[in-house]
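Trainee: I would like to go through this structure slowly, and to ask at each step what lies behind the words that are used for it.

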Amino acid sequence: MSTFDIDDPLRFEEQLSEDDRMIMESAREYAQEHLEPRAVKGNQEEYFDPSIPGELAELGLLGSFVDPKYGGSGASQTAYGLIAREVERVDSGYRSFMSVQSSLVMHPIAKFGTEEQKQKYLPKLSNAELIGCFGLTEPDHGSDPGSLETVALKTDGGWRITGNKMWITNSPIADIAIVWAKAKENKDEEGTIRGFIVEADAKGYSAPKTKGKMSLRASETGEINLEEVFVPDENVFPEVTGLKGPFSCLNSARYGIAWGTVGAAEFCYRKSRQYALERKQFGQPIGSTQLVQTKLANMLTDITAMQQLVLRLGQLRDRGEDHPSMISLAKRNNSMKALEIARTARDIHGGNGIMGEYRVIHHLMNLETVITYEGTHDIHGLILGREITGEQAFT
Ligand code: TGC
Ligand code: FAD
């Protein structure tokens with residue numbers, strides 16, 4: 001008979017390639033030794049340590065999938081997911097930093113950028129000399145970005161961009177922003193969505209921080225306000241137009257989130273098991289009661305399914321055989337399962353569960369953002385519903 005590993009019952013990690021496993025181990029060692037000790041302070045003081053980007057860069061964890069000739073590591077999609085899992089085991093906010101830099105800034109430049117744009121920005125984003133952010137959401141257009149109002153008006157040698165973006169991860173610390181705006185040759189036309197690389201020191205650009213979040217507190221979130229910001233022609237993505245531009249970036253980021261939530265869920269399960277064995281009530285460990293054991297059994301069952309789901313999706317992505325609806329399925333399922341697991345972990349910890357130092361309510365609060373950004377739980381349900389029925393139910 002084989003053995004049963006209470007942390008990895010179906011021997012998920014045994015399925016990884018040697019290269020992917022090495023990247024996972026390096027990310028795990030870094031995250032546990034250098035991020036975990038900062039987690040409570042980051043959460044309680046709403047603080048993102050500015051040395052984190054450089055540390056991630058040094059290990060090749062930013063834009064890991066980008067071609068090495070532009071500073072990436074040329075790693076697999078599975079490896080990218082494994083990095084997200086290790087970083088989010090500590091804090092979804094740290095994973096958010098990594099996701100935005102990799103999937104929402106480096107990915108579009110690598111995929112849609114000119115050779116000059118790639119050479120100018122990718123190596124510096126990869127070594128964290130530059131920090132990037134991604135501006136799609138607006139105050140009045142979140143789930144429906146197709147209605148965005150930011151306008152890029154053609155002018156001599158470039159474009160003048162005017163509009164407001166909200167809820168933008170990394171914007172207060174970003175050197176460049178990928179801004180999605182309706183490009184117009186003249187102000188009366190409808191316009192087409194295009195992507196612009198906007199430098200944060202441009203006149204008319206500001207990115208105030210959004211303070212007082214109760215979730216993802218260690219992540220820098222802000223607005224992007226653009227008042228007739230001039231962007232030269234060489235900073236526009238030349239070919240891609242319409243929503244498929246930003247959505248292609250979201251595919252990569254949503255995929256990373258589906259993996260990241262596995263790490264947060266594993267953290268909550270392991271902490272709960274340990275607590276349930278140590279905490280005694282009625283003269284016995286609470287872990288010896290039927291109710292707590294069933295909760296732990298449900299957590300481990302869900303985590304095991306979450307792991308296999310993302311591993312398979314990663315293999316399909318590595319072969320170029322993934323589909324956006326597969327990613328919606330994984331992002332939706334894993335984010336909600338992780339949130340439920342964090343909620344159960346908070347419950348198993350009793351009163352201690354509300355204390356920051358036990359770190360389960362920290363994950364619980366973070367995961368409230370994770371089920372919301374990159375498409376809410378219900379929006380992904382509607383994307384899947386459209387795929388299943390062929391009927392559009394957004395409007
Ligand atoms: P729809 O008609 O469905 O599509 C318009 C065009 O886009 C194409 N498309 C995709 N292409 C690639 N990948 C995808 N996933 C795609 N989904 C759609 C589609 O083929 C079509 O192309 P074409 O050539 O025919 O024009 O557009 P819609 O307006 O009906 O969209 C509806 C909906 C709900 C699917 C969409 O709007 C949606 O996904 N809403 C959610 C918004 C969202 O996810 N925002 C995320 C903002 S960024 C963020 O949250 C970062 S957090 C980062 C962090 O901190 O970790
Ligand atoms: P709304 O779209 O107003 O949705 C509110 C509710 O209505 C939700 O429950 C939703 O499911 C529901 N709903 C909406 N439409 C329908 C419908 N047709 N049918 C049924 N129900 C519907 N955006 C970026 O561009 N870049 C970033 O870096 C970024 N980072 C973020 C960081 C944080 C911390 C947060 C909280 C958000 C971030 N976002 C970012 C924005 C995020 O993507 C949006 O918050 C998200 O897409 C939801 O949009 P909304 O908040 O406007 O909610």
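Mentor: Let us begin with a definition, since a molecule is said to sit in a pocket if more than half of its atoms lie within 2 Å of the grid points of that pocket. Please keep in mind throughout that this is a predicted model.

Trainee: In which pocket does ligand 1 sit?

Mentor: Ligand 1 sits in the largest pocket, so by that definition more than half of its atoms lie within 2 Å of the pocket's grid points. Ligand 2 also sits in the largest pocket.

Trainee: Which residues come nearest to ligand 1, and what makes some of the pairs there polar contacts?

Mentor: There are 26 residues around ligand 1, of which Ser 96, Ser 143, Thr 169, Asn 251 and Arg 254 come nearest. A polar contact needs a pair of N or O atoms within 3.5 Å. A nitrogen atom of ligand 1 is 2.8 Å from an N or O atom in the side chain of Asn 251, and a nitrogen atom of the ligand is 2.9 Å from a polar backbone atom of Ser 143. Two or more residues of the shell around ligand 1 come from each of helix H5 (92–112), helix H7 (244–278) and helix H11 (377–389).

Trainee: Which polar side-chain atoms lie 2.9 Å or 2.7 Å from an atom of ligand 2?

Mentor: A polar side-chain atom of Thr 169 lies 2.9 Å from a nitrogen atom of ligand 2, and one of Thr 376 lies 2.7 Å from an oxygen atom of the ligand. The backbone takes part through Phe 134, where an N or O atom lies 2.9 Å from a nitrogen atom of ligand 2. The protein covers 67% of the 970 Å² of accessible area that ligand 2 has on its own. The elements that give two or more residues to its shell are S3 and H11. Of the 18 residues around ligand 2, those that come nearest are Thr 137, Ser 143, Trp 167, Thr 376 and Phe 394.

Trainee: Why does Trp 167 count as exposed?

Mentor: The relative accessibility of Trp 167 is 52%, and exposed means over 50% with the protein chains only taken into account, so the residue counts as exposed. Trp 167 has its place in strand S3 (residues 158–169), and, not counting residues up to four places away in sequence, touches Thr 137, Thr 210, Thr 221 and Gly 222.

Trainee: Where does Thr 210 lie?

Mentor: Thr 210 lies in the loop between strand S6 (205–206) and strand S7 (221–232). Leaving aside neighbours within four places in sequence, the residues in contact with Thr 210 include Trp 167 and Glu 46.

Trainee: Is Arg 359 buried or exposed?

Mentor: Arg 359 has 2% relative accessibility, and buried means under 20%, so Arg 359 counts as buried. Glu 86, in helix H4 (residues 77–90), is buried as well, because its relative accessible area is 0%.

Trainee: With which side chain does the side chain of Glu 86 make a polar contact?

Mentor: The partner is the side chain of Arg 89, at 3.0 Å, which is within the 3.5 Å limit. The side chain of Arg 38 makes polar contacts with the side chains of Asp 49 (3.1 Å) and Ser 51 (3.3 Å). Arg 38 is found in the loop between helix H1 (18–35) and helix H2 (39–44).

Definitions and conventions
Residues are numbered from 1 along each chain as its sequence is written. Chains are lettered from A and ligands numbered from 1 in the order in which they are written. This is a predicted model: local features need pLDDT of at least 70, side-chain atom pairs count only at pLDDT 80 or more; totals for chains, interfaces and linings use all residues. Side-chain values use heavy atoms; hydrogens and water are left out. Helices (H or I, at least four residues) and strands (E, at least two) are DSSP runs, numbered from the N terminus. Buried means under 20% relative accessible area, exposed over 50%, partly exposed in between (1.4 Å probe, protein chains only). Contact means heavy atoms within 4.5 Å. A polar contact is a pair of N or O atoms within 3.5 Å; within protein, one must be able to donate a hydrogen and the other to accept it, and residues adjacent in sequence count only if both atoms are side-chain atoms. A residue is near a molecule or strand if one of its heavy atoms lies within 4 Å of it. On a 1 Å grid over the protein atoms alone, a cavity is a set of points where a 1.4 Å probe fits but cannot get out, and a pocket is an open set with protein on both sides within 12 Å along at least five of seven lines; lining residues have an atom within 4 Å of a point. Accessible areas come from the Shrake-Rupley method with a 1.4 Å probe; for residues, only the protein chains shown count as cover.
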